[in-house]
Amino acid sequence: MSLDITRNSAKLLMANVLAQAIGLVVYPILTRMYSPADFGLFNLFVSIGSILILISLAEYEYAIVLPASHKRAVGVFHVGIITSLVSFVVLFFATSFSTPIAKMFNEPSLANLLWLMPFYVLVSSIWMLLNYWYTRVKRFGAISGYQMSQSIVSAGAKVGLGCAKAPFGLVYPTVIAPIVSLIISVLSVPKYIFAPLFKFDRTEIASAACEFSNFPRYSLPKSLINSISANLPVLLLVPFFGAYQVGFFGMAFTLAFKPISTVSASLYQVFFQRTSEQVNCGERIMPFFRKFVFCSLSLLVPLFVVLAIVLPSFTGWLLGEEWSVTGLYIRLLLPWLALNFITESVSYIVDVFQCQRANLIFEIMYLLIRLSALLLGVCMGNFMLGIALYGIGNFLLKLVFLFWLFKLVKVYDQSIK
């Protein structure tokens, strides 16, 4: 069994890393085809979409793997399908207000793209449901195939539309790629895998919705706070500084945050399993915790010092001279990124010791601090100041979060002496 877990984890990690790598490698080409304003508009569309996808699913996708019986899991799947279809209908009618919505973000071009939003949200929601159904039935190859095909189709379409100088060439592939990858995924899996999903039972659906109602009731608010907080720079700064300025920051966030989050997510998965076993066996975990934090700082501090020196010139060379400011934004975020790598890798400690309520408080604090920092930059009319304060606020709160994790581990270790 452990061999299967290791193989499946490695398969998913490799697909995720390769998919991320394809997306990052193509950016030096895309930045020479599209303007920062194009990237800013793309970031705005995706930021809005990511929040709407959360609402569309109401977090029911996470419950698909939990029931003991396949019948109940199918009921949960159908609940997710129903909420997704309802959201599609609501968003479809909401597109009639595209112009006022675009004016709210001070981005007129957004009005020409909002008709795509219902389809983007629906297809992404269906994939999320299938993703967890595949996880339940151990079809990890289908998940890997979707990740790879989506990245390849998206990158290829963006380059192709860029060569053709087509308008909105970054956004259209973002909607088309999930559709193509979803079709490929379905065709690559035996039909019997989907057979249970075509058996609708109204009683089972209603029962599943009630049994797992805690997901939309408690888990969804936390996820929404987290998503709004994460997308706040784009959502808040576009109306005041425009898509052009935000395009530079969006690129900085993509180049700096995505690779770090990919590595920390894989470490999280491995460390979570290891620490859970140690706690179940009554073993001390402080030695490992201290060693990881110390080794990470020993590696990241000198590496990030070098990056702080070379980043503006490097990003200018990599992406084009116009994009050298991207390196300045990454430089401002480096202290936060270093701590974020460490804390995200060991944040499973919150779940190990069942401290989700306190973690929700941290999420609310993140939102308030980020909002305050960005609003101060808006009030001062200084985009760079807003990003600097955003990085400082995140760094300080991550530092507090790390000390809190340290305290949780210390209390646990003292309890087993």
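Which helix gives the most to the lining of the largest cavity? The answer is in the legend of View 1 below.

The model is predicted, so local features need pLDDT of at least 70 and side-chain atom pairs count only at pLDDT 80 or more, while totals for chains, interfaces and linings use all residues. Residues are numbered from 1 along each chain as its sequence is written, and side-chain values use heavy atoms, with hydrogens and water left out.

**View 1. The largest cavity and its lining residues.** Helix α3 (residues 36-57) gives the most to this lining, with three residues. Helices are DSSP runs of H or I with at least four residues, and strands are runs of E with at least two, numbered from the N terminus. The lining is made up of Y34, D38, L41, F42, F168, G169, L170 and V171. By class these are six nonpolar, one polar and one charged; Ala, Val, Leu, Ile, Met, Phe, Trp, Tyr, Cys and Pro count as nonpolar, Asp, Glu, Lys and Arg as charged, and the others, Gly among them, as polar. The largest cavity holds about 50 Å³ of space, and the structure has one cavity of 30 Å³ or more. On a 1 Å grid over the protein atoms alone, a cavity is a set of points where a 1.4 Å probe fits but cannot get out, a pocket is an open set with protein on both sides within 12 Å along at least five of seven lines, and lining residues have an atom within 4 Å of a point. Grid points are joined across faces, edges and corners, and a volume is the space filled by probe spheres set on the points.

**View 2. The second largest pocket, with a volume of about 360 Å³.** Its lining has 16 residues, of which L255, A256, P259, I260 and L307 are the closest to the centre. Two or more lining residues come from each of α11, α12 and α13. Helix α12 supplies the largest share, seven residues. The lining divides into 15 nonpolar, one polar and no charged residues.

**View 3. The salt bridge between E211 and R72.** In a salt bridge, a side-chain nitrogen of Lys or Arg is within 4 Å of a carboxyl oxygen of Asp or Glu. Here the N to O distance is 2.1 Å. E211 sits in helix α10 (residues 202-211) and R72 in helix α4 (residues 70-94), 139 residues apart. E211 is partly exposed at 46% relative accessibility, whereas R72 is buried at 17%; buried means under 20% relative accessible area, exposed over 50%, and partly exposed in between (1.4 Å probe, protein chains only).

**View 4. The salt bridge between D413 and R284.** The closest N and O atoms are 3.6 Å apart. Because D413 lies in helix α16 (residues 383-415) and R284 in the loop between α11 (214-280) and α12 (286-319), the pair ties together parts that are 129 residues apart in sequence. D413 is buried, at 3% relative accessibility, and R284 is partly exposed, at 42%.

**View 5. The salt bridge between E344 and K398.** The side chains meet at 2.9 Å, N to O. E344 belongs to helix α13 (residues 324-345) and K398 to helix α16, 54 residues apart. E344 is partly exposed at 30% relative accessibility, and K398 is buried with a relative accessible area of 3%. Elsewhere, salt bridges that share partners join R72, E204 and E211 into one network. A search of the whole structure finds five salt bridges.
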